[in-house]
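Me: I am new to this structure and would like a close look at a single part of it. Could you take the place where the ligand sits and walk me through its surroundings?

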Amino acid sequence: MRGFDVLILGAGIVGCACALECVRAGLRVGIVERDVPGGATTAAGMGHIVVMDDSPAQLALTRYSRSLWQELLPHLPVGVEYERRGTVWVAADDEEMGEVHAKRKTYALAGVESEVLDARALAAAEPNLRAGLAGGLLVLDDAVIYPPTAAAFFLHEAVRGGAVLLRGQGADHIGKGIVTLRDGTTYAADRIVVATGADIALLPSLPIQKRKGHLLITDRYPGFLHHQLVELGYLKSAHQISSDSVAFNIQPRLTGQLLIGSSRQYGNENPGIDQRILRSMLERARSYMPALAGISGIRAWTGFRAATPDKLPLIGPTDDPTIFLAMGFEGLGITNAPGAARLLVDGLLGRVPGIDATPFLPSRIALMETKHA
Ligand SMILES: Cc1cc2nc3c(=O)[nH]c(=O)nc-3n(C[C@H](O)[C@H](O)[C@H](O)COP(=O)(O)OP(=O)(O)OC[C@H]3O[C@@H](n4cnc5c(N)ncnc54)[C@H](O)[C@@H]3O)c2cc1C
């Protein structure tokens with residue numbers, strides 16, 4: 001039976017980032033992917049590298065991960081389309097302007113640079129926004145990437161460093177250092193890292209739920225949009241855990257295309273487009289940018305985020321000392337892939353992590369189950 005120091009299950013952006021980090025630590029790595037690497041939620045995501053402040057732990061991980069993306073920048077191929085566009089959190093009224101000031105303070109305390117825009121500065125920064133908005137918060141160093149090529153870059157570098165990609169068969173069961181594939185092939189590994197995204201078939205008791213999202217990409221309109229724009233109400237939408245929600249979120253692509261999002265739905269595992277949700281998402285976008293009414297969309301799609309009850313990912317060891325997790329990234333797996341990979345490998349090797357890894361440890365699952373029972 002072939003053996004590895006670490007066998008990673010799933011070659012989405014998270015599994016690929018973990019593979020590269022393991023290779024760089026000198027470990028013998030295998031990666032099991034049943035389908036196309038980077039072809040699941042990673043291919044459906046928006047590619048916004050964003051610092052989020054919905055909890056101190058999320059702020060620490062997104063900030064850390066964004067800094068690791070910045071370190072990677074000189075090595076990223078052009079196909080990754082990394083652009084430092086900045087995020088503008090758009091405030092519709094004075095109440096949301098209050099949130100802008102609070103957010104700026106939180107970011108400043110965490111060493112994240114941001115700038116308050118008044119109504120006039122917002123209109124100058126993004127002339128296609130509707131008149132009458134109150135202002136916004138510009139987070140300068142947030143960026144945009146194309147996630148599938150970023151995953152391919154991590155994977156390519158990992159394989160170049162000696163990792164073995166075992167592609168075509170999914171893992172069927174795992175335990176005690178053995179991975180059995182669907183065709184019966186077995187591999188031995190000192191550590192098995194489950195990075196299967198929203199698919200929890202290998203560990204069905206994990207408290208991860210699929211959260212469906214829609215996106216739409218337009219034809220090319222260079223110069224129409226300059227920053228990634230997100231309505232402040234997005235945070236309310238992202239925090240809701242029961243009902244369907246949509247929020248205005250629009251991204252300029254290097255090609256001049258506009259990527260429009262986004263929606264959140266629980267309890268809908270049908271990957272098809274839900275016309276009602278798509279329509280309401282686009283109406284929301286037009287309510288912020290009326291000029292979008294004259295723009296042609298060329299493709300819409302859906303993807304499934306992997307949501308945990310406390311909205312933080314699961315990174316680290318489980319009760320089985322051979323099984324580790326790197327999953328549950330909800331809407332931040334593209335941003336957090338490099339930070340999660342670094343924390344995971346720090347844990348594997350007993351290195352001191354760059355940020356506190358405790359909030360992400362899977363050992364908190366028992367606590368989550370009690371809270372959400
Ligand atoms: C609409 C939408 C917008 C988003 N926007 C952003 C954004 O702007 N910024 C951001 O940071 N994040 C965003 N996200 C979230 C981000 O896309 C995900 O968090 C991230 O892609 C998760 O990556 P992953 O590697 O964990 O999972 P995946 O990409 O789903 O990869 C998991 C892989 O595991 C494989 N697999 C599953 N089971 C098995 C098995 N048994 N054996 C072998 N292989 C298996 C799958 O084939 C797949 O390739 C968005 C998500 C959605 C849906």
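Reply: In this predicted model, the ligand lies between two domains, because domain 1 (2-47 + 147-207 + 310-371) and domain 2 (83-143 + 210-304) both give residues to the shell around it. That shell holds 42 residues, and the closest to the ligand are G10, G12, G45, G197 and G333. By type, the shell residues divide into 18 nonpolar, 19 polar and five charged.

Now look at which elements take part. At least two shell residues come from each of the helices α1 (13-24), α2 (41-44) and α9 (333-349). The strands β2 (29-33), β12 (209-220), β15 (257-266) and β16 (297-307) each supply at least two as well.

The buried residues of α6 pack against α1, β2, α2, β8 (164-167) and α9. Those buried residues are P147, P148, A150, A151, A152, F153, F154, L155 and A158. After α6 comes G162, with a positive phi near 115 degrees.

Finally, step back to the whole chain, which has ten helices and 18 strands. Its radius of gyration is 20 Å, close to the 21 Å that the globule rule gives for 373 residues, so the chain is as compact as a globular protein of that length. Buried residues make up 49% of the chain.

Key:
Residues are numbered from 1 along each chain as its sequence is written. This is a predicted model: local features need pLDDT of at least 70, side-chain atom pairs count only at pLDDT 80 or more; totals for chains, interfaces and linings use all residues. A residue is near a molecule or strand if its C-beta atom, placed from the backbone, lies within 6 Å of it. Helices (H or I, at least four residues) and strands (E, at least two) are DSSP runs, numbered from the N terminus. Ala, Val, Leu, Ile, Met, Phe, Trp, Tyr, Cys and Pro count as nonpolar, Asp, Glu, Lys and Arg as charged, and the others, Gly among them, as polar. Domain bounds come from an automatic or database domain assignment. The radius of gyration is taken over C-alpha atoms; the globule rule is 2.2 Å times the number of residues to the power 0.38. A residue is buried if 20 or more other C-beta atoms lie within 10 Å of its own, exposed if 12 or fewer, and partly exposed in between; C-beta atoms are placed from the backbone. Two residues are in contact if their C-beta atoms, placed from the backbone, lie within 7 Å.
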